[in-house]
Amino acid sequence: MILAQATNPIIRWEYLRDEWDKVRTALIQHIELTLLAVALGLVVASVLAAIALRYRWTANPITTFTAFVYTIPSVALFGLLVPYTGVSRTTAVIPLVGYTLLILVTSILTGFRSVPPAVRDAAEGMGLSPARRVFTVELPLAVPYIITGIRVATVTTVGLVTVAAIVGEGGLGRLILDGLRRTFWTPMTVGASLSIILALVLDLSLWGLGRALTPWTRRGGPQRAATR
Amino acid sequence: MILVAAAQAVRRDIGLWEWLFDAGTWTGRNGILATAGDTVRLCAAVIATSALIAVPLGAFLAHIRRGELAATWVVNVGRAIPTFALAGLLVPISLRWGYGFEPWPVFVALTLLSVPPIFLTTFTAVSQVDPVVVDAARGMGLEDRRVLLRVELALALSVILTGVRVAAVQAVATEPIRAFLGGGGLGGYLRDGLGQNNDTLVLGGAILVAALAALTGAAFGVFERVIVPKGVRRLRRAGDRGSSHNGEDHERASVQVSEAADPVGSLQLADGGLR
């Protein structure tokens, strides 16, 4: 132990080889939790946003509610759930989903509200049914805003997943706590660095996805002017 | 040994309310008052440091009309910082450089979390001060420094304070991670409760953390009322009502209001912190 202390560098590369299984498991769990939380968040946020757009008076209460959830300290929310859902994945996922809602609902609402009334009228005039109008005209125009929201939500969630380590889940956060417990810095460095890298990689991928989905935004020109 | 510590900490069979309303819980070296004080002290230092960095920088860049790019960059980087991971990364480094286990890693991580919202609100608020007002100030013969201090900053103050409030609430809400990184503060109850499988401590700790964050927000609300000059408050109210008779002016006023409201909105989006 004392010997280990004496040679306790910030990172020891052999660790990555020797305990790669552990690192990989943590990384996979981190990605799983992030994607699960953002996907569930997107489903819930879509429903909430649809309600807010359909029944206008609900928009304010819905935004206020999601903003309220967002302000609950994450450590506290994880803690509050432990007595009810135990040290489990559910305990980790519920707060993670909750924290994505404000960002996602806001971005979906902003996206749909940014659709110019003229475009909506034109779609209606062409005889599109409301459902088709929403999915083939309004949704594509709202996509850039929604993707931005998903990017922010994802990056935030990657950071929050590390905190979920305190309730036993938490992917790379487990490595951080593990390293701390063993007074062995390498897992801490690896866990922390990988979670930062993961956030950047996911953000970049989603940015690329957004660009691929909306080729018209790159051309600039009249379409762009119209969406202003 | 762990068992002994547990027995000393809290009896297992004690109820939540019993624990929260027991005088012994609040006083003493590990009492709520002491640990909450610990948290508040660290967060106050964090916010003071962040404001000292972010307000002058943001105001100056906005004053010389530079740094749009810096503002966007700060927001993007700010939201990508996972505070817990960053603090974890800093623990070994802090030890290596001889700064000890804590609270420096968490202090640095929280400061990095708090600078972006304060910088962004300062920059946006000073940028959006009505150019007509600035021209008038210059026309009255105010020197450059005074234009910035007496006019631009004064008018931007309430928005800047909103940024400071967001940062402070965020810092107080995130600080409990310190306990999980071997430090003190209000997060200790949660950590011990989770470690000892004691729901009373977990729930009590969570409630205390949430309550302190809410209290911080409320305290800043009061602080804002006290510190923003009466004239500026009147001006803002007039702007909010869009009380001008001229249609064009009205439009501009409402654009300004909506833009002024936006930094806070995008702030909420920008905050990548862990609360």
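Student: In this predicted model, which residues of α11(B) are buried?

Tutor: The buried ones in α11(B) are B:Gly188, B:Tyr189, B:Leu190, B:Arg191, B:Gly193 and B:Leu194.

Student: What do the buried residues of α11(B) pack against?

Tutor: Partners come from both chains: α5 (74-85) of chain A, along with α4 (32-63), α10 and α12 of chain B.

Student: Where does B:Asn197 lie, and what is its phi?

Tutor: You'll find B:Asn197 in the loop between α11 and α12 of chain B. Its phi is positive, about 60°, although B:Asn197 is not a glycine. For background, residues other than glycine mostly have a negative phi.

Student: Which residue follows α4(B) with a positive phi?

Tutor: That's B:Arg65, with a phi near 55°.

Student: How do you know that the length of α4(B) agrees with what a helix should span?

Tutor: Take the 32 residues of α4(B) at 1.5 Å a residue, and you expect 46 Å. The end C-alpha atoms of α4(B) are 44 Å apart, so the two values agree.

Student: Where does α4(B) bend?

Tutor: At B:Ala51, by about 25°. That angle is between axes fitted to the seven residues ending there and the seven starting there.

Student: How many residues of chain B are in contact with chain A?

Tutor: There are 36 from chain B, in contact with 40 residues of chain A. Several helices of chain B supply at least two residues each to this side, including α5 (68-80), α9 (144-174) and α11 (188-196). The one giving the most is α6(B), with 10 residues.

Student: What makes up that side of chain B by residue type?

Tutor: It divides into 25 nonpolar, 7 polar and 4 charged residues.

Student: What is the predictor's confidence in chain B?

Tutor: The mean pLDDT of chain B is 76, and 79% of its residues reach 70 or more. Two stretches fall below 50: residues 1-8 of chain B, with 1 contact beyond near neighbours in sequence, and residues 241-275 of chain B, with 63 such contacts. For the complex, the predictor gives an ipTM of 0.76 and a pTM of 0.78.

Terms used: Residues are numbered from 1 along each chain as its sequence is written. Chains are lettered from A and ligands numbered from 1 in the order in which they are written. This is a predicted model: local features need pLDDT of at least 70, side-chain atom pairs count only at pLDDT 80 or more; totals for chains, interfaces and linings use all residues. Two residues are in contact if their C-beta atoms, placed from the backbone, lie within 7 Å. Helices (H or I, at least four residues) and strands (E, at least two) are DSSP runs, numbered from the N terminus. Ala, Val, Leu, Ile, Met, Phe, Trp, Tyr, Cys and Pro count as nonpolar, Asp, Glu, Lys and Arg as charged, and the others, Gly among them, as polar. A residue is buried if 20 or more other C-beta atoms lie within 10 Å of its own, exposed if 12 or fewer, and partly exposed in between; C-beta atoms are placed from the backbone. The expected span of a helix is 1.5 Å times one less than its number of residues. pLDDT is the predictor's confidence in each residue, from 0 to 100.
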